[in-house]
Amino acid sequence: FISTVCNFMSHEKCLKNVKIPCSCIAPTLVRVPVAHCFGPPGHYKRRFCTVCRKSLESPALRCEVCELHVHTDCILFACSDCRQCHQDGHQDHDTYHHHWREGNLSSSARCEVCKKTCGSSEVLSGMRCEWCGILAHAACYVIVTPECTFGRLRNMILPPSCVQLFSRNFSKLHCFRISENLQTESDEDDDVDGSTQGSAKDVQISTDSSKQTLKIFDGNDAVKRNQFRLISVPRIAKNEEVVEAALRAYYINDEQQEYELQTFTQQALLSDDVINRNDAGEDSNLGSVFRESVPEAWIIRAKPKDEEVIRIYPAWLKVGMAYVSLRVNKDSTTQSVIKEVLPLLGRQTECLQNFKLVEVLMGSKQVQRMVLDNHELILNRLKDIRKTSVRQMNQTRFYIVENSKSIARVNLFVGGLPPQLFPEEYTNILKDELAIKTNVVSVSHVYQAQGAVVLEISCFSEAERIYMLVKDTTVNDKPLNAVVIPEVMASKIPQNCCPLLVFVNPKSGGLKGRDLLYSFRKLLNPHQVFELTNGGPLPGFHTFSKVPSFRVLVCGGDGTVGWVLGALEEIRHKLVCSEPSVAILPLGTGNDLGRVLRWGAGYSGEDPYSILVSVDEADDVLMDRWTILLDAEEPAEGAENGVAEPEPPKIVQMNNYCGLGIDAELSLDFHHAREEEPGKFNSR
């Protein structure tokens, strides 16, 4: 047997044991909606799409935070089921459950429950928890206890319940500081996400004369974007069969009797008035779909209903109850729904005015929330959603939420400012350059030596405006940079937890940094992984400044390690843990320091998980760092008018191994050559 929706295959004798949910009901299984964070399209060998379960031959997308892989034209049908890496004021909780993701395991993977192999390189099979890494069969994972303890790396992971980030207007790439230059390739791809190639890979334009290929739109939104799916049906197909095929193409498992197909011709498509034209004359429910003139395309429309059952989810996580079902009719308003739901959730004594009904669209790239007006008719709202997109209805939920004083608080790290100024001078520069509104923006920390400040902003749109503006602003010919910073709630960190702060320099040595960034974000909490080309080491140290005990892993060459140690030296007096131990993953060209400290002569592709385990097991050793004072230089004789400016004295920090100069000269020449032509230097 093969599923007509998600291509899942099973023997007849095995059907009764199938535990894997179909892609079309995936949105109903989401516990807390969290959007994914997609990088640019790439080629991923021996990987399978989570939505259609087929292998990823063409360029595909993967989430930078979890193991989701998906075709570019399946992305519309993936839902927001990413890892929850921080608290954002929606359904925050302190106990964590396993976050299961199906498939894409190595073929040697073994099930934790029955100890047999559960991975495969032929199909999507086996389940893995994306926090603790435990593996299991789809039939076995249901008996694993739901609480997740974060596995072998639990002492190094920054627990998500200790991180707070209110990120309403920021994309996930901004929240996790994933550099934009990764994104450039993918931006052009956005328009074709589901459009013309919409599942064309499944439906070759039929050459068989008894078959007919149709364009199917799922609502007004798809028409506007010209995003359709192609289906292939027999020429003599009954209307019901065509509706059935159209729904399956959009991963909808509702009964076909509830839907109909409306026709419209290409001219109607070009007119803005598409929608009214279709509602006027509906001749689409006559016997066979095909008459003499074959229309260009069809729209799926839901038939109007007089009453429906909807699910209402409580926004506070209730033990053992995910949602309550409620029958609504044409008189039901938001207020009447709230009134009926509260007793079912045991909150009947509370005042209606303390609650609101929120519509949540769980798209794969973004979770959109909209508060419904108290007098809005629920059936009309459902009708509007279906008119916009039948597929979106599948990804929409209604939550009942307590009215609370919602706090908007965004911390923005701004670097690249002139060093050694007074706090007021920094505020004035920001007023002049970025026109900041001082009623919602305050400077919470100043790092004078580095020329950086941290802004606390209490308005989402102002935070977004400043963030976007900083990118195009220069002060004294130096570009500014901005990084969104999460807030680590140190008091909630468990006693024996010593989180690892990871710095990666993607430009070091053999350019292995990109893959390591991706792996460490997956193995740890992405909020503890910092890319050094995006604001340097300071944002990382600032984020961890209140953590009572942490360790550092620097992935880069000797220069990178020196840079991080220098930054640590300058701000250690502001850290609660003023002397964190530093481990090195040598990505550089020479890696003397890596050799001396026995981390090896250079990284050659070892498994990132085993690197983290060896960091966890490593011993602390003390290493001398020297502070060197270079005295002021005497002015040279015979300078103009005899008044030359003397070179000011300079303080530098150095590690204590000594060379005679020739190695330094060679290294410097090499470095300059690499800066000029990076393309020629892509291996150690």
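Phe503 has Phe530 of strand 24 as its bridge partner. This is a predicted model, where local features need pLDDT of at least 70 and side-chain atom pairs count only at pLDDT 80 or more, while totals for chains, interfaces and linings use all residues. Residues are numbered from 1 along each chain as its sequence is written, and side-chain values use heavy atoms, leaving out hydrogens and water.

Strands here are DSSP E runs of at least two residues, helices H or I runs of at least four, numbered from the N terminus. Strands 23 and 24 pair in parallel over three bridges; pairing takes at least two DSSP bridges. They belong to an open four-stranded sheet, ordered 24-23-25-26 with parallel pairing. Strands 24 and 26 are its edges, each pairing on one side only.

Now for helix 10 (residues 423-434). Tyr426, Ile429, Leu430 and Leu434 are its buried residues, with Glu424 and Asp432 exposed on the other side. Buried is under 20% relative accessible area and exposed over 50%, with partly exposed in between (1.4 Å probe, protein chains only). The buried set falls within an arc of 95 degrees seen down the axis, so it lines one face of helix 10; the arc is taken from axis-to-C-beta directions. Its cover includes strands 17 and 18 and helix 11.

Methods. Expected span 1.5 Å × (residues − 1). Contact = heavy atoms within 4.5 Å.
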